[in-house]
Amino acid sequence: MDNSEFRRQAHKFVDWMADYLDNIEDYPVKAQVKPGDIAAFLPDSPPTSGEDMDTIFRDFQDIILPGMTHWQHPGFMAYFPANASPPSVLAEMLTSTLAAQCMSWQTSPAATELEERMMDWLRQLTGLPEGFVGCIQDTASTATLAALLCARERLHKFSTNHSGLSITGTHTTYASAEVHSSVDKAVRIAGLGSDNLRKIPVDANFAMIPEDLEHAIESDLIAGCVPTCVVATLGSTSLSAIDPIRKIGEICQKYNIWLHVDAAWAGSALILPEFRWMIDGVELADSLVFNPHKWLLTQFDCSAFFVRDKAALIQTFEILPEYLKTREGDRVNNYRDWGVQLGRRFRALKLWFVLRSYGLEGLQTHLRKHIGFCQNLAQKVEEHKDFELLAPHPLALFCFRFKPAGQTEADLDALNETLLEKLNDSGRLYLTQTRIQGQYALRFVSGSPYTEQHHIDEAWALIQNMAQSLTKK
Ligand code: PLP
């Protein structure tokens, strides 16, 4: 493709992109296809000769689009949002055109220096103490893995990287029973073993009970284990539980254990002064991750990973063969040594565009709007005689179920499962589910940049109508 054709196509694509966002509500929010429906249209073998872009684009519209779930749809209330505001989309267009691989300062000085500044802007915006530094990772899962590896290495004076794990005994990791599965995955990958992940009981608010954490650590020490890392969750995935960081941090200090805070989605709310209580005691943490790509209007992927001691991070990951050496040495930050991956995308640009376009006030308005939507709707759900809230809901997520009179627990599970399927099949709303104390629950999350009050009202009307239709004989 020559440059003039690239220009023609790019203009066409941008028009399509703007139209897509204008008309996003015409699409079913959740893809209405069956497994294999899309693959059936894809040739078994790759093309021998090149095809023209108009044909490829037509196939994108005809084949791919029907198989997409529309994450920016205002009816997307599943999982967590993956916010892609227009400024971050524009930045990603530039990023992909520059197509820089930003592994070291020298391979794109501006990318490194912008990332340093963006991480510090995020630190200030979220109220993290001075001294926390970090880098942008692809996802919270990667950041949590990096934290666990640092915990393991610091404990062994950075020797297990060389010697391997076999000589060092059973390493135990601690997290609440509500922890995200990325921690289960990270302990496996880090070689610590999921059998050695202790799921600590939670209180009535589903937050980790610090006394039980200490008790578990003591028992492990008696058994000859090596307590290595505690992961505190700030905003659990199922229901937004918030672990008490100060108390957990004090225990970690007492036993010299790395404390990682997983604030993947709720961390964005730290830009609101009224939610700063969530990080009381964060100065005791060794690392923290949150995802601007979930709730801070920044295109996926963008996960902010902070550490208190960057030396521990670098000592864990640095490997410097001759072909990667650069003249600046350690006078600059080389982010290739701050995590698992060597090659890195230029992710800071979209953050810069977003933070400048919205400013703190614009971002706060976005978050408060969605928290307000959820709080108001949760209240309506609570007041309805046939619905029940199943957990506290401090942020923009609440869990509920349809509970008409005269049903057994098993009936309620089945009824709510059917309700979820029907809602999602409607194409107008997309919710996901969880289990709370064994009960099947529907999760409602608000966060799409395109969701307004009338979408929330329509969602609630749809939920009530669908639910009532299920009980009509
Ligand atoms: N931690 C929490 C609390 C989450 O809610 C999630 C995802 O929803 C993750 C970790 C994993 O995030 P990522 O997809 O960025 O790895």
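This is a predicted model: local features need pLDDT of at least 70, side-chain atom pairs count only at pLDDT 80 or more; totals for chains, interfaces and linings use all residues.
Me: Why is α5 called largely enclosed by the rest of the structure?

Reply: Buried means under 20% relative accessible area. Of the 16 residues of α5, 13 are buried, so the helix is largely enclosed by the rest of the structure. Just after α5 comes Lys157, with a positive phi of about 50 degrees.

Me: How do you know that the span of helix α13 (residues 409-425) is as it should be?

Reply: Its 17 residues should span 24 Å at 1.5 Å a residue. The end C-alpha atoms are 24 Å apart, so the span agrees.

Me: Which residues of α13 are buried, and what puts them on the same side?

Reply: Leu412, Asp413, Leu415, Asn416, Leu419, Leu420, Leu423 and Asn424 are buried. They cover an arc of only 165 degrees around the axis, so they lie on the same side of α13. An α-helix has 3.6 residues a turn, so residues three or four places apart point the same way. On the other side of α13, Ala410 and Asp425 are exposed.

Me: What do the buried residues of α13 pack against, and what follows the helix?

Reply: They pack against β9 (397-402), β10 (432-436), β11 (439-445) and α14 (453-471). Gly427 follows α13, with a positive phi near 80 degrees.

Me: What makes the phi of Ala99 and that of Gln437 worth noting?

Reply: Most residues other than glycine have a negative phi. Ala99 is not a glycine, yet its phi is positive, about 50 degrees. Gln437 is not a glycine either, and its phi is positive, about 45 degrees. Ala99 sits in the loop between α3 and α4 (109-126), and Gln437 in the loop between β10 and β11.

Me: Why is Ala99 called exposed, and why Gln437?

Reply: Exposed means over 50% relative accessible area. Ala99 has 58%, so it counts as exposed. Gln437 has 70%, so it counts as exposed too.

Me: Why does Pro66 count as partly exposed?

Reply: Its relative accessibility is 40%, which falls between 20% and 50%, so Pro66 is partly exposed. Pro66 is placed in the loop between α2 and α3. Not counting residues up to four places away in sequence, it touches Ala31, Gln32, Val33 and Gln61.

Me: How many residues apart along the chain are Lys30 and Leu423?

Reply: They are 393 residues apart, while their C-alpha atoms are separated by 10.0 Å. Lys30 is in the loop between α1 (3-22) and α2. Leaving aside neighbours within four places in sequence, Lys30 contacts Thr69, Asn424 and Tyr430.

Me: What makes Asp54 and Lys12 a salt bridge?

Reply: The cut-off is 4 Å between the side-chain nitrogen and the carboxyl oxygen. Here the closest N and O atoms are 2.6 Å apart, so the pair qualifies. The pair links distant parts of the chain, with Asp54 in helix α2 and Lys12 in helix α1, 42 residues apart.

Me: How do you know that Asp280 and Arg246 form a salt bridge?

Reply: Their closest N and O atoms are 2.9 Å apart. That is within 4 Å, so the pair counts as a salt bridge. Asp280 is in the loop between β5 (258-262) and β6 (287-290), and Arg246 is in helix α9 (residues 245-255).

Me: Are Arg336 and Asp337 buried or exposed?

Reply: Both are buried. They form a salt bridge, with the closest N and O atoms 3.2 Å apart.

Technical notes:
Residues are numbered from 1 along each chain as its sequence is written. Side-chain values use heavy atoms; hydrogens and water are left out. Helices (H or I, at least four residues) and strands (E, at least two) are DSSP runs, numbered from the N terminus. The expected span of a helix is 1.5 Å times one less than its number of residues. Buried means under 20% relative accessible area, exposed over 50%, partly exposed in between (1.4 Å probe, protein chains only). The arc is that of the directions from the helix axis to the C-beta atoms. Contact means heavy atoms within 4.5 Å.
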